[in-house]
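Here is a set of questions about how terms are applied to a structure. Each answer sets a value against a definition.

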Amino acid sequence: MEIFSNPLIYFVIIPMLTLLGLAFCNNRGIRAIRTVAVVGAVALVALAVYLVCLFLQARGAGDTSEMILQSKVTWYAPFNIELALGVDGVSVVMILLSAFIVFAGVFASWKMDPLPRQFFLWFFLLSTGVFGFFISIDLFTMFMFYEVALIPMYLLIGVWGSGNKNYSAMKLTLMLMGGSAFLMLGLIGIYFHSSADGNLTMNILDIAHNDAIPHQWQMYLFPLTFVGFGVLGAMFPFHTWSPDGHASAPTAVSMLHAGVLMKLGGYGCFRIAIYLMPYAASELAWIFLTLTGISIVYGAFSACVQTDLKYINAYSSVSHCGMVLFAILMFNTTAMTGAVLQMLSHGLMTALFFALIGMIYGRTHTRDIRDMGGMMHIMPYLGVGYVLAGLASLGLPGLSGFAAEMTIFFGSFENADLFRRVLTIIGASSIVITAVYILRVVAKLLFGEVQDEHHRTLTDASWEERLSTATLIVSVAIIGCFPNFFVNIISDSFLPVVNALKDYFPVAGL
Amino acid sequence: MPLSYTIAVIAIPLFMFLFLGLAGVKMSRKLTGVLGVLGMAVTTVIAYGVALTYFFGTGQGQIADGVRQAVTVFNPDWLSFTDTLVVRMGILLDPIAAMMLIVVCTVSFMVHLYSLGYMSDHDGNPEEGFQRYYAFLALFTFSMLGLVVATNLFQIFVFFEMVGVSSYLLIGFYYSSPAANHASKKAFIVTRLADLFFLLGIMILSYYTGTFDFNQLVFGSNGANDMAVAQSAIASAGGATFLGCSVTAWALTFIFIGGAGKSAMYPLHIWLPDAMEGPTPVSALIHAATMVVAGVFLVARLFPLYVIEQGAMEIICVVGAFTAFYAAAIACVQSDIKRALAFSTISQIAFMMTSLAVSSADGALIEIHGGTGLGYMASMFHLFTHAMFKALLFLCAGAIIHAVHSNENDKMHGLHKFMPITSIAFLIGCLAIAGIPPFAGFWSKDEILVAAYHKGFFWGLWMSMVAGMTAFYMFRIYFLIFFWKKHEVHTHHAPKDQPWTMTLPLIILAAVSVVAGFVPAHDLVTWNGHHLHTQLDWTVAGSSVAIALVGILLAYKLYFKENDLPERMKNAASGLWTAAYHRFYMDELYQFITHKVIFQGICVPIAWFDRHIIDGFFNMLANATGSASFAIRRLQSGSVQSYVYIYLVGALALAAVTMVCVLI
């Protein structure tokens, strides 16, 4: 089959092979399970790096096509369902992000107990969905992979979670499924208006070129798709699954979920909702801008009073992911590039946070910051990691958050209307609130006197924990120190979207 | 020395930070300290080489047509916002950048050396966290150097954040102590709030001018500050206004607020006194000599723009003059010597700010000659001399604290006999800051006063008064520490002068404080690169020396020998004294706003709303679904009889309806 010569398909095949490999292991052979998982994760990272090289090579060679490495196989002709693959700069960096998080996640769940084999099985099934989503450019395939990524969450939280896990797993799954229901309606609607001459198609690029969705239909379909994806992107007021879900999820699942899965929301919003329905996007942007603007400050203020480490990060994610959707709705290349940088940055640093929280929780058996203190003395490695993650989160230059947030703010400020300017200023003020809650946690958790004498005997990170966190820390630092490398990959990908919006939206600087 | 060697000046501290931070734990503490000092020594030598080449060398484009130029050594792209709006990270040398290289490296090197002794116990064993300490010092030095050589406004912002975080880490160095913990948090958050305004200022300015680059904002084609370029940058806003003021005035005011946060101008000064919880050498380096002048440096960098936007300049002038007085008043009553020095620092930085702001007194554009460029030069000159003598004072304070293990002056008294070298060094520092000729402070402060009188008699008089207060409170501290009454030896060993690593920096800085006033600043650091003709204004100089002497005499009268006069004065004006001692209750005000208004009034209600209203709604949805299905579950009983029964009833009902319809 010709499609197997396309490197993209291997992003789905490798996790599936890993699944197969895991199926042959048995639960007592933890060594074999780990080996298979690590081989799978390393292969994904290698492939993702290779993909970046391919992309740079193609762009360097003057290939300016919207998507590279396109190929398709027909699946179900009556509905024009195809397995259509293709990537642009945004998908490339999202794939790179996912690969690194899967890699770090495998090491973070090194001592998973009980049922390690089943855990990794579901873990890799989830990864299959994530990668499949990012490589597809067909509405149906995207939706299918989207669901594949969501369903395993229920079991991963319900079986391996902690605390009030049944409630959380159910809540998370139901709310996300509710989002999918909206989304599916939206996608079906798009499909039936995908072409003016009756040649209906599921292919995103074709739909965008046809530009056939009637304006009055866009006004219905855009909110459906945007909210559908927005639920996963933790948009206010559909974010409440996030605190409970994250709090109950096991470490690696929190990492993957906050690190990658929530990015599916932002990615989908821009790739499907805005790109395919530019008219409705510019007409209705003000509603969603208001909601995401609320998300940013609301999440940050809520995080200030939480006492559970995971709740703090979950609310912090609401704030940071709000910024992603906020920037996407600013409709210019700069802000949208910032949104993708923010996705990368948030993905890595939240994964780092959850990894560290998991490691600390595994030792202290509490996540309540009031019961902890002086951890820096006891576990300096984890402490330093936590401080670095915190600094990345509050936007220290040299770490990823700063470059992302600055690109977003400067991009948003390019819009000259007062509404967007005021929202930008409100959004920017979150950098102060973020500093407040991050420093509060750092001071309570790491500094000060040791609160509980039993904590004095705890150990610092083991080698696999060090490897897992170091991978993420180095990635965060690389993005922070060399943001232009990523900006150059990303920014051109937004030209088609911005061009599509140009007819409806006065974009500054175009 | 080629000017491109400046890269090494930036790179070595960065390398030392990474090296000591990553590998330091594996090394012995002593070794990391020595390596840190050596690294800083090399940096200092190169920095001096570069700066002296810039000022006195020829042939590298630094002087053209008799004008000292701004030379961009290196300027790669770092982050592109759009094709034209690009953030670059580079190195730019102009008179103030070169001067700052000297200031930062000198003080940093002294502090590195001094810390070998200070961060050790009395037997010379380094304390815990020694490696971390040197790594953070290197990080700070790197950030500060990156700030002063910035080629564009955004780079300054980036390094503003970096120095902010190094300051945070160093204030909180003793992280087990709740006070240090609290102080570091406060310092970071207050300066972050200021940085938010800085960011807004940059956004506005860059939106209208389309650039961050100083070369397009302030530097002319001849490479020096140029009013015409600044004019056209301002004009590119096209006269846009917001709430009655031009957008550029807004932008510049916001940028000043950013600078005011770092430079501890009222009302953003509250973090600086608390920052004294950090180790004393850190206070000397960051909170006296270098980071706190970043705001002054920022305003000086954009000086031509501020000259045009008079409104912003007036704000700086008022804020500066008020802060100078306010901090001096508080410094008069503090009993913790580091706090007193901290308020003295705030007051002196306010001098520099005011000096910059009075530069444009006549409202017209600055003339090449004449008095109006004087304030700029005086400000930068004072920045230089102040860095030297204030670092000296702090390091002396550190030596004293190290000897008596307390910050409070009632634990000191009468130390002159025990620590003669420290005492003399402290005296030199006091004379310098009080403005007694020929010590460094006299020359720079005198020029500030001249510039202030140039703006108006009121401003001159006001600043002279503050100068008198400066002399008074400094000598109050000096007499209370070293004289007042006989020292009571509490600990088993009497206080003495500290080891050479600590004493040598004191001697060097004292020597510099004596001679620094003779640096020809009017030739080297003028706003437009031209030589500035100045001469001592004997009226101003004479009167300011007289006021300083009055201040010193008053302090002598009150505090040299133990007497009850200070106590009586305190009782006579107890309300004023208490208010000043409590810093006029600014901290309490902030405490109220942050805890009661923001935390209790905003955060807690939002969190409640989230859990109970929003989440409650979704839970209610789920519960409603649950109850509904519970209610209708009987329909799916599985009993065939009831299904048939319902089927029958339904069929009959349908038939009845049909019948009725047909009949009608």
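Q: At what angle do helix 1 of chain A and helix 2 of chain A pack, and how far apart are their axes?
A: Helix 1 (residues 10-24) and helix 2 (residues 30-60) of chain A pack at about 175°, and their axes are 9 Å apart. Axes are lines fitted to C-alpha atoms, for helices over the stretch in contact, and angles run from 0 to 180 degrees between N-to-C directions. Helices (H or I, at least four residues) and strands (E, at least two) are DSSP runs, numbered from the N terminus. This is a predicted model, in which local features need pLDDT of at least 70, side-chain atom pairs count only at pLDDT 80 or more, and totals for chains, interfaces and linings use all residues. Residues are numbered from 1 along each chain as its sequence is written, while chains are lettered from A and ligands numbered from 1 in the order in which they are written.

Q: What makes helix 1 of chain A roughly antiparallel to helix 2 of chain A?
A: Angles under 35 degrees count as roughly parallel, over 145 as roughly antiparallel, 65 to 115 as roughly perpendicular and the rest as oblique. The angle here is about 175°, so helix 1 of chain A is roughly antiparallel to helix 2 of chain A.

Q: Which residues of helix 1 of chain A meet helix 2 of chain A?
A: Helix 1 of chain A brings Tyr10(A), Phe11(A), Ile14(A), Pro15(A), Thr18(A), Gly21(A) and Leu22(A). Among their partners in helix 2 of chain A are Ile33(A), Val36(A) and Leu47(A). Two residues are in contact if their C-beta atoms, placed from the backbone, lie within 7 Å.

Q: How do the residues of this contact of helix 1 with helix 2 of chain A divide by class?
A: There are 11 nonpolar, 3 polar and no charged residues. Ala, Val, Leu, Ile, Met, Phe, Trp, Tyr, Cys and Pro count as nonpolar, Asp, Glu, Lys and Arg as charged, and the others, Gly among them, as polar.

Q: What is the phi of Asn80(A), and is Asn80(A) buried or exposed?
A: Asn80(A) has a positive phi of about 55° although it is not a glycine. Most residues other than glycine have a negative phi, and most peptide bonds are trans. Asn80(A) lies in the loop between strand 1 (68-76) and strand 2 (81-87) of chain A. With 20 other C-beta atoms within 10 Å, Asn80(A) is buried.

Q: What makes Tyr585(B) buried or exposed?
A: Tyr585(B) has 12 other C-beta atoms within 10 Å and is therefore exposed. Tyr585(B) is in the loop between helix 24 (574-581) and helix 25 of chain B, and its phi is near 60°, a positive value in a residue other than glycine.

Q: What is the omega of the peptide bond from Phe236(A) to Pro237(A)?
A: Omega is near 0°, and the bond is cis. Pro237(A) is in the loop between helix 8 (215-232) and helix 9 (241-248) of chain A.

Q: In which sense do strand 4 and strand 5 of chain B pair?
A: Two strands pair if DSSP finds at least two bridges between them. Strand 4 and strand 5 (residues 86-88) of chain B pair in the antiparallel sense over 3 bridges. The two strands form a hairpin with 5 residues between them.
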